[in-house]
Protein chains: 6
Amino acid sequence: MTCTQVKALRDPISIAAEKIRKLEVQGGRNVAIAAITATENLASQTKAITKKEFLRELHRARETLFGSRETEPLMRNAIRLIIDQVEKNTDKSIRKLAETVSTASERFLKDLENSKERIAEIGAKRIRNNSTILTHCHSSTVTHLLKKARQDGRVFEIICTETRPVFQGKTTAREMLDIDVKTTFIIDSAMRFFMNKVDLAIVGADAITSEGNVINKIGTSMAALVAQEARTPFYVVSELLKFDPATMYGDYEKIEERDAAEVWKDAPKNLIIRNPAFDVTRRDFIHGIICEEGIISPHSVAEVIRRKYPWVFR
Amino acid sequence: MTCTQVKALRDPISIAAEKIRKLEVQGGRNVAIAAITATENLASQTKAITKKEFLRELHRARETLFGSRETEPLMRNAIRLIIDQVEKNTDKSIRKLAETVSTASERFLKDLENSKERIAEIGAKRIRNNSTILTHCHSSTVTHLLKKARQDGRVFEIICTETRPVFQGKTTAREMLDIDVKTTFIIDSAMRFFMNKVDLAIVGADAITSEGNVINKIGTSMAALVAQEARTPFYVVSELLKFDPATMYGDYEKIEERDAAEVWKDAPKNLIIRNPAFDVTRRDFIHGIICEEGIISPHSVAEVIRRKYPWVFR
Amino acid sequence: MTCTQVKALRDPISIAAEKIRKLEVQGGRNVAIAAITATENLASQTKAITKKEFLRELHRARETLFGSRETEPLMRNAIRLIIDQVEKNTDKSIRKLAETVSTASERFLKDLENSKERIAEIGAKRIRNNSTILTHCHSSTVTHLLKKARQDGRVFEIICTETRPVFQGKTTAREMLDIDVKTTFIIDSAMRFFMNKVDLAIVGADAITSEGNVINKIGTSMAALVAQEARTPFYVVSELLKFDPATMYGDYEKIEERDAAEVWKDAPKNLIIRNPAFDVTRRDFIHGIICEEGIISPHSVAEVIRRKYPWVFR
Amino acid sequence: MTCTQVKALRDPISIAAEKIRKLEVQGGRNVAIAAITATENLASQTKAITKKEFLRELHRARETLFGSRETEPLMRNAIRLIIDQVEKNTDKSIRKLAETVSTASERFLKDLENSKERIAEIGAKRIRNNSTILTHCHSSTVTHLLKKARQDGRVFEIICTETRPVFQGKTTAREMLDIDVKTTFIIDSAMRFFMNKVDLAIVGADAITSEGNVINKIGTSMAALVAQEARTPFYVVSELLKFDPATMYGDYEKIEERDAAEVWKDAPKNLIIRNPAFDVTRRDFIHGIICEEGIISPHSVAEVIRRKYPWVFR
Amino acid sequence: MTCTQVKALRDPISIAAEKIRKLEVQGGRNVAIAAITATENLASQTKAITKKEFLRELHRARETLFGSRETEPLMRNAIRLIIDQVEKNTDKSIRKLAETVSTASERFLKDLENSKERIAEIGAKRIRNNSTILTHCHSSTVTHLLKKARQDGRVFEIICTETRPVFQGKTTAREMLDIDVKTTFIIDSAMRFFMNKVDLAIVGADAITSEGNVINKIGTSMAALVAQEARTPFYVVSELLKFDPATMYGDYEKIEERDAAEVWKDAPKNLIIRNPAFDVTRRDFIHGIICEEGIISPHSVAEVIRRKYPWVFR
Amino acid sequence: MTCTQVKALRDPISIAAEKIRKLEVQGGRNVAIAAITATENLASQTKAITKKEFLRELHRARETLFGSRETEPLMRNAIRLIIDQVEKNTDKSIRKLAETVSTASERFLKDLENSKERIAEIGAKRIRNNSTILTHCHSSTVTHLLKKARQDGRVFEIICTETRPVFQGKTTAREMLDIDVKTTFIIDSAMRFFMNKVDLAIVGADAITSEGNVINKIGTSMAALVAQEARTPFYVVSELLKFDPATMYGDYEKIEERDAAEVWKDAPKNLIIRNPAFDVTRRDFIHGIICEEGIISPHSVAEVIRRKYPWVFR
């Protein structure tokens, strides 16, 4: 391979990785799409002649993409699926293998979409008439589920927390008002004040660990603790592909710390501002994970993944 | 009494009550001072001829002042002390009785000041060298205690929460930086994230109930719950005169709900914003109340008041 | 004293004791009234000439009455008050001392009546509009309080347990229906099923121990545990004179076991039926004791008694 | 198919469904047997010519039977197995397919019988000599297990609750006395009173949910909570086929409310009587589910079903 | 005062202080006796002419004795009582004041002895027939109580922990065997293994804090936690004079760290051995403190002291 | 087979069984090796002519070895693997089958070794820089993991308990000092005293039960409870082959009681010394089991075994 060829090869991947690193692309799903697209481009432009060469390119791409951001289980699982499919394909034609990249990519995105639909269908049944639901932050999977419940004719109220420092709760509130759900907006630290009147708490997930814990927006673990104290059922809504297999092998889920200015723009000079984006909710506080496989116990999530997406562990 | 006299009488009290009602005066201590000053003015201007008449004026003043804001135990206890002292005074001279108003007022304010000092002295001993202290909101009694600990040569770190919606945590942070304490600033919902590294949590109080619960800035009860979960000692710092005897007789401590705009200025039209200013921390989460009598169990606080300030119950 | 005199003396007391022993008189209040009346009769018929003799008679009466039933704190405290008053009376006239018996008796009964009223006034404030209240068994102090709340214009619902084996819940249900309260009737073991929808649980007491625990109808401690699990406030309503000072000095509160036939009339021959009438609710599950002194922490109840009714410990 | 044919077809199924609906058949096992028998009759009488037609009949039967009562996992799983077996059978002969219905039916009932035996064998080992066992309600699986322990020579005591409103505890008590087990009979609300002396609590199950919770006779969840508080091991004994896959897909396990007259025959007119037949015991209170696969953690029950009875999810 | 006089004055106190400092005197009671005796000697030898002078000597003695060991509430309270009595004595004769020292000393020791008897009487009633009692370490107050229970005819078993590092449990075991109590001896870390079979746990105290916590032999707080987990009542037996008023005013109860060689004699060179002698048991784990005033809630202990021994706070 | 042959056959197995029974061989791994070696010898000396005969010998060997000590899951699983492999081998040659014994044996030991390495790799990632780790007893799997963390450059402190009665903590301490880890040595009952400063607790396992509980050195369950109370993560490190399938089928894990002299050599005559070697740690206290499959939830351990080592259940 000539140097130019290498460059050409590297391009789509390194460009995507760069964008991910610089937070130009954000949100688990968007990051996954960027990485998938780049890998498809890589495949369509490949100059590889043997499967071995092609796989080497894919492995290099994986390394680059995995290195671009610390915890992006969705993106990582996308790449894992693509490589798994290529490896399994016994065809020797590079064109066919490149097609496999596309097929796997499409399948991944389709699965993701289907999962979201499936989750909405399953979870919507848990939204009882005349109940009060509390949610923290904004999760499109959660609001999709709530919209489904609404379409199914269910009448309910929602309490949403503002979710400092970036106020994602405002997005949740607006989406709920748009579908004519009675919506109450509170500050994050008022969760315990209102919890006794809540029938169900429901949140999204950024990642799921091998132990069955859930990583989600900072404050989620407090909502869970407070729900537990009041015997309020607490559910996590998540596509199983947010499972991070690295945690299986000892890695801590890295908790990203974001810009201090999000918290206090013109803070005093010597002040230390800590701005962790996520926290860890213990499996013992979670009544169930609502996923594409149904409502499961968080304690068994790793085994569910093993059965459903065995390639995640490869 | 002529109509004019009545007017004259009513003036200082009704003016003060007006200011309190309109939140022109704020903070337990300031409200108490306003009410005390008004009562002193009332006494100095009195046209009463008998003790009975004078007491009637005082009782009327009490009614007006108590009606000005729902929960202000400090102010109420100030008025209770003044009336108690006048009632006990067997002197028949109105001038002497008016003087008693002044003496009682001074004593109340002096006691309050002394209590704050005493609390600082006692509490400062609990701040161990090289420890990490978490506090929520801003309490001058708490920061006074921390400054005392600093003066005593203790070296410690502080974590302060921003305390939405009004960000009183910024005041706490600034005061701590001013005395060269290493200060970390976090959002309210990150309390659980950091709690395992905290050696002591310490907060102020707006009111104490007969059951031994503490009313303080919204979010305090979550800090307490989270501290409990991590076996972190949780202390409340409070002058005993923040005890509200009305709770003894069944009244719920009213939780003031403040302006929605504090939370979200340009909120969507149909959105309900709930902005409770305080929440209730259960006595079971409180290791001790640091007060002018020493460090006491919250479960016995009502009996301590009975012994120390019996006139509170009159 | 002749034998006949002794007989005459013994009569009213031994008759009352007999009735109490045979359960012909039941309910703390009725037992107390029977014992008081008997003591008044004893006093009015006394042939004693010296105070010493008179007191000896009273002490003998106490012994007989205390021996008639294992745990009847109300009756015991009545006798304690009477003897305390006689002992304190420095008058030498037996007639005056006998009058003291009457005065003390009246005072005791009046105090008890006043306490019930006071408790109703205080406790009624805790019944919020549109709330759901759960109670177990039947307590006239509890229903009096609820009627007061109703008179005060409060609208609320009640859930009452049937309270096996004697179904006292039916009395509670009827009384509530009589004052037009929406009433739901459930079996005892359904308490946890409904607890999440309950805003306040409230029960009576048969006795209070020196540690702050409450003895009440079997099942009360389960209601308390279940309330605790759901963060539902749990209150005990009781006159302080149900405090049993014997527990201060180590005695266990005896738990009466009642007739097996109450549980299963035609039970198989070899079956053991255990029918304890009461159980012990731990102070940690009780948010407050609503008594004539106000709402107090159960942890400080013994000190409240020491202050309010010091003669109880004599 | 002629109308008469349709009628003939519908008969056994609709008759069975009718009986189930009207509670003429009761108890999970009996309901399953009725449905199985009806399905066998349907198969033996079928006029279907193609497998497709035959399956359509079976699906229609499923719909009818599933609609007859809200939660009957055992019956539903029986029908699921039958249809699964027919679908898998590649034979084209309708007679052969009808035979498959019979074979599957027999297998289901045989499996159920074997499971009960297996559970008794496994669970009996947990009954230690000289231990005290508490059980709630009557479960033939539980008493079978206890009889097995007795046959194995184990000596133990049993405490059984009466189980209002229908007193199934009396059946348990009689069965235990019949095998010479020392038996104590208590009211339901006395469970906490006796729990500290209990070595093991053991109950049956009406249904198991995908989250690992157990639906059983009302009061079971209180027994579990009380056992948890006293560190008493709490086991559920259940055939895995009581797993309800509908809960996997979001359906709440419906809690049947039974006739008010069971609770209070001649109740006052305006009284609301709530008589839920079951409650939900959280997986966290359950030490293990003793089933035909062994003693398993409730948190993994759905995965055990997936492995053992995969057709349940079809 | 001449230098010689000063020396003579200083002698008994400084000698006692020295012995206490060097651990030649050990055990709360012995340390108190040593300090009392020294103070009596000081008084009998005094050359003071005025009460003021005499008190100055006593205050100096206090300072020296208080400085001799960090936490010895019993000794400190003894000295407090003596000075309180002298201060209250209005007699001007130094001889009379010196006599007051003796009287107060005797009273203190007599009170302590009486307390122990009273505690035994009260606590013995809690030892039920055929119960199993667990204790940790050796406390003469506990064994005295158990002996009293034995004298009262109670039959019970005891489990005692060996209590590393000094094996005080062996003393407890021997004392129990001497009075024919069935005694089981276990290692400290086996407490949880046996707790489910224990009916009552009972321990002594080295000090009681103003918050109601108890300082006792290392491991006590684990026994309490384990008892709590198994719903086993946990009692502390202690004379109230072990209350340490310094904790009221913010001082932490100092936890003495003892010689590393107690733990491992020939330990490797770089090893750090930590050997704290005591730990803190939270009031929430303590069912009651059995003291000379009866069985009280630990939450109210400071108020009990205020009432019973007000001079402790001077 | 002649009698002599039988003898010859029986020898290696019965000799090994004897040594195991008499505790001449100790430690799960050593016991497994002894049993494996004996079985290899048995196979190499076999006179069996048919596979059936050979298997009969193996089954007899299994019976003898399983009977030699009550709970040795590692040894039992080794034998189970060997027999499983032989059964699966379709070869008819006895020589080949004997070779299978060797191959399976080697594979078992190799797997065990690999597991230990894998566990060290995975677990070492959980040891964060500057953290404090607590461990109880000595486990070579734990110290191997800690050494790996050290090799990976991690700097941490360790607290080790002495682990009465046999002081295995001394071995742990020495191994840690050897690799220059700052090591603190404490008595077992001081675990709660230090827990608030611990970042991670980590222990080994002797056996894992089907419910997900862990059997380990006495005291482990207390460490876990204390960690839980302080929100300190608690991990168990174990090869999955320590799973005991007998617990699946109802057997309690037997808790060996060891020689009383280990606890107290010259104990008084009538003293009962109980010396259980292990206790049971509930799955709810365990954050994760670090095993060769990764970090898993203890609640799903039985399903992980089913998937990974299905022959364990045969």
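Colleague: In which sense do strand S1 and strand S4 of chain B pair, parallel or antiparallel?

Modeller: They pair in the parallel sense. S1 covers residues 131–135 and S4 covers residues 200–203, and two bridges hold the pairing. Keep in mind that this is a predicted model.

Colleague: OK. Which residue stands opposite B:Ile133?

Modeller: That would be B:Leu200, in S4(B).

Colleague: What sheet has S1(B) and S4(B) in its order?

Modeller: An open sheet of eight strands with mixed pairing. The order is S8(A)-S3(B)-S2(B)-S1(B)-S4(B)-S7(B)-S10(B)-S11(B), so a strand of chain A is part of it along with strands of chain B.

Colleague: Which strands stand at the edges there?

Modeller: S8 of chain A and strand S11 (294–296) of chain B. Each has a single partner strand, so one side of each is left without a neighbour in the sheet.

Colleague: Let's do the A and B interface, then. How many residues of each chain are in contact?

Modeller: 43 residues of chain A touch 43 residues of chain B. The area buried between the two chains is about 3800 Å², and carbon and sulfur atoms give 73% of that.

Colleague: Which residues in chain A lose the most area to chain B?

Modeller: A:Arg192, A:Met222 and A:Trp264. Together they make up 18% of what that side buries.

Colleague: How many salt bridges does the rule find across it?

Modeller: Two. In one salt bridge, B:Arg164 is joined to A:Glu162, with the closest N and O atoms 2.5 Å apart.

Colleague: Which elements of chain A supply at least two residues to the side that touches chain B?

Modeller: Among the helices there are H7 (169–178), H8 (191–195) and H9 (220–229). Strands S3 (182–186), S8 (272–273) and S9 (278–281) do it too. By class, the side of chain A that touches chain B divides into 26 nonpolar, six polar and 11 charged residues.

Colleague: Stepping back, how many helices and strands are there in chain A?

Modeller: 10 helices and 11 strands. The radius of gyration of chain A is 21 Å, close to the 20 Å that the globule rule gives for 314 residues, so chain A is as compact as a globular protein of that length. Along the principal axes, its C-alpha atoms fill a box of roughly 65 × 50 × 35 Å.

Colleague: New topic: chains E and D. How many residues does the contact take from each?

Modeller: Eight from chain E and eight from chain D. They bury about 820 Å² between them, with 24% of it on carbon and sulfur atoms. In chain E, the residues losing the most area to chain D are E:Asn196, E:Glu229 and E:Arg231, together 66% of what that side buries.

Colleague: What's the salt bridge count between chain E and chain D?

Modeller: Two. E:Asp199 forms a salt bridge with D:Lys197, and the closest N and O atoms there are 2.8 Å apart.

Colleague: How does the side of chain E that touches chain D split by class?

Modeller: Two nonpolar, one polar and five charged residues.

Definitions and conventions:
Residues are numbered from 1 along each chain as its sequence is written. Chains are lettered from A and ligands numbered from 1 in the order in which they are written. This is a predicted model: local features need pLDDT of at least 70, side-chain atom pairs count only at pLDDT 80 or more; totals for chains, interfaces and linings use all residues. Side-chain values use heavy atoms; hydrogens and water are left out. Contact means heavy atoms within 4.5 Å. Buried area is the accessible area (1.4 Å probe) that two parts lose on being put together, summed over both. A salt bridge is a side-chain nitrogen of Lys or Arg within 4 Å of a carboxyl oxygen of Asp or Glu. Helices (H or I, at least four residues) and strands (E, at least two) are DSSP runs, numbered from the N terminus. Ala, Val, Leu, Ile, Met, Phe, Trp, Tyr, Cys and Pro count as nonpolar, Asp, Glu, Lys and Arg as charged, and the others, Gly among them, as polar. The radius of gyration is taken over C-alpha atoms; the globule rule is 2.2 Å times the number of residues to the power 0.38. Two strands pair if DSSP finds at least two bridges between them.
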